[in-house]
Amino acid sequence: MIKTVYPKGRLVAKTGNEVMAEAMRQIEPDVVAAYPITPATEIVQIFSQFVADGIVKSEYVAVESEHSAMSATIAASAAGARAMTGTSSQGLSLMWEMLYIASGLRLPIVMAEVNRAISAPINIHGDQSDTMGARDAGWIQIYSENSQEAYDNMIQATKIAEKAKLPVLVTTDGFIISHCMEVVETYPDEDVKNFIGEYKPDRYLLDTKRPYTLGSIDLQDYYFEHRWQLAQAMRDAKDIVLEVAKDFENTFGRKYDLYEKFMMDDAEIAVVVIGSTAGTAKVVIKELREKGIKAGLIKIRVFRPFPAETIVKDLANVKAIAVMDRSDSCSGTYAPVYSDVVSALYAAGITGPKAINYVYGLGGREINTEHIAAIYDKLGKIASGAEKAFTGIEYVNVRF
Amino acid sequence: MENNNCKIKLSASELPIGDIVEAGTAQNFITGDWRSERPVWNKDKCIHCLACWISCPDSSVKIAPDEKKITVITGIDYDHCKGCGICAKECPVKIKAITMEEEKK
Ligand code: SF4
Ligand code: SF4
């Protein structure tokens with residue numbers, strides 16, 4: 001385990017987990033309550049070492065399950081603390097009930113989440129079924145393409161959560177990012193601390209001068225209004241995410257948006273994807289561009305709130321789109337990202353592009369440049385009219 | 001059941017976010033109106049041992065200091081008493097200063 005810390009910031013070789021723990025060290029939340037789960041174990045393991053070594057002043061609560069981890073994090077946040085946790089897969093599933101309480105009580109909790117398949121059958125490897133399962137929980141969801149983004153997203157998430165009064169989860173793809181070493185630029189502690197600023201909640205339970213009741217009963221009288229507030233907070237969060245991204249760019253020089261457009265200006269065929277596979281797709285696009293094929297990519301960074309209004313504008317003039325899902329909703333029709341993209345297009349009255357759905361990489365199944373090149377090849381044929389667009393889900397690299 | 005104290009309903013934009021409610025609002029909520037038996041306290045029999053007060057799960061036995069600053073029982077808060085009868089049960093056998101009577105509305 002790497003215990004080296006770099007208070008002055010520098011270029012370091014770190015895994016996704018190490019760098020998320022490093023971000024947590026610099027943020028130095030008041031409370032972290034967590035339970036270890038593969039492949040996210042290291043994040044809280046490293047962080048607990050920071051606590052044990054006195055490197056951070058945070059309170060670490062070792063709990064007996066993820067349900068308790070989320071409960072303790074909620075309690076700490078409600079009490080007025082900056083609170084964080086980390087988990088993955090079954091761990092996130094076990095938090096499910098409490099996820100809704102965190103968002104319903106509008107607590108700005110930040111979670112480091114490592115995307116992993118959900119049992120059964122048992123699989124510890126990367127896919128996005130876990131966070132897609134938490135899609136409607138009222139948590140902002142930010143996905144990372146690599147370790148640098150994971151680190152940057154964690155820092156931004158702290159500020160986003162506190163401004164939006166919504167919990168935020170930041171993900172990396174299990175093992176692909178969580179356990180692979182990359183060069184990451186870390187920033188000085190002081191700059192990170194200045195960027196996130198001090199946390200001053202409007203109201204908190206430990207404020208004995210202004211006592212209040214939290215988590216009371218709403219029933220038919222008020223529940224609906226509170227849920228509307230939550231949905232509205234999510235809509236408003238788009239601007240907050242962009243505002244924080246702008247601040248981040250001004251401070252640290254890296255640019256972020258709700259999603260990334262790669263070679264989209266003149267693209268005729270495009271892939272929409274979330275997470276590490278975007279990096280693989282970029283390699284393919286560069287090769288295709290050399291051959292004069294107008295291929296582009298949209299990498300969704302913020303999946304909740306979903307950037308529907310702008311994404312449709314960027315896809316309107318594309319002839320064929322492949323939406324790649326690393327999870328399957330088992331709905332009998334389409335997977336979650338595709339459903340969001342296509343409903344956004346339809347609602348905006350855009351029916352030009354042929355949109356097709358690919359499910360790939362479940363349980364860590366390989367997705368390489370050849371698979372993605374084949375998708376672009378298919379898109380090219382559909383765009384030119386040589387082939388008809390299929391209407392079901394295409395499963396990439398699965399044995400039938 | 002309609003809460004008489006909250007006749008004006010707040011809209012989604014007026015409602016405090018995150019289910020925040022001022023502290024101590026349970027006091028305004030009349031929870032004693034489904035009682036089927038009511039405890040009747042007999043002032044003359046009572047020795048003010050406070051056994052009923054300490055046992056009441058709804059904090060419905062009322063107390064106050066007397067002229068000598070000694071805490072004494074002053075009555076029952078029927079707005080919140082649910083008529084469980086614990087006070088009557090706990091009152092010392094020889095005293096029995098509380099009797100449960102059928103609630104008549
Ligand atoms: S009947 Fe029950 S609720 Fe009412 S005063 Fe006695 S102990 Fe309290
Ligand atoms: S338990 Fe009986 S005697 Fe004792 S204070 Fe209550 S009513 Fe009076």
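Residues are numbered from 1 along each chain as its sequence is written, and chains are lettered from A and ligands numbered from 1 in the order in which they are written. In this predicted model, local features need pLDDT of at least 70 and side-chain atom pairs count only at pLDDT 80 or more, while totals for chains, interfaces and linings use all residues; side-chain values use heavy atoms, with hydrogens and water left out.

**Interface**

The size of an interface is often given as the accessible area lost when the parts come together. Here chain A and chain B bury about 1,500 Å² between them, with 55% of it on carbon and sulfur atoms; buried area is the accessible area (1.4 Å probe) lost on putting two parts together, summed over both. Chain A contributes 18 residues to the contact and chain B 15 residues, where contact means heavy atoms within 4.5 Å.

Between the two chains there are 10 residue pairs in polar contact (both at pLDDT 80 or more). A polar contact is a pair of N or O atoms within 3.5 Å; within protein, one must be able to donate a hydrogen and the other to accept it, and residues adjacent in sequence count only if both atoms are side-chain atoms. Strand S9 (212–214) and helix H8 (219–252) of chain A each supply at least two residues of the side that touches chain B. H8(A) gives the largest share of that side, six residues. Helices (H or I, at least four residues) and strands (E, at least two) are DSSP runs, numbered from the N terminus.

S9(A) runs antiparallel to strand S1 (residues 20–22) of chain B, and three bridges join them; strands pair if DSSP finds at least two bridges between them. Leu214(A) has Ile20(B) as its bridge partner in S1(B).

**Salt bridges**

A salt bridge is a side-chain nitrogen of Lys or Arg within 4 Å of a carboxyl oxygen of Asp or Glu. The whole structure has 27 salt bridges over all chains, and two are counted between chain A and chain B.

| Salt bridge | Closest N and O atoms |
|---|---|
| Glu22(B) with Arg203(A) | 2.9 Å apart |
| Lys159(A) with Asp247(A) | 3.3 Å apart |

In the second pair, Lys159(A) lies in helix H6 (residues 147–164) of chain A and Asp247(A) in helix H8 of chain A, 88 residues apart.

**Ligands**

Around ligand 1 there are 13 residues, and Cys56(B), Cys81(B), Cys84(B), Gly85(B) and Cys87(B) come nearest. Ligand 2 is surrounded by 14 residues, the closest being Cys46(B), Cys49(B), Leu50(B), Cys52(B) and Cys91(B). A residue is counted if one of its heavy atoms lies within 4 Å.
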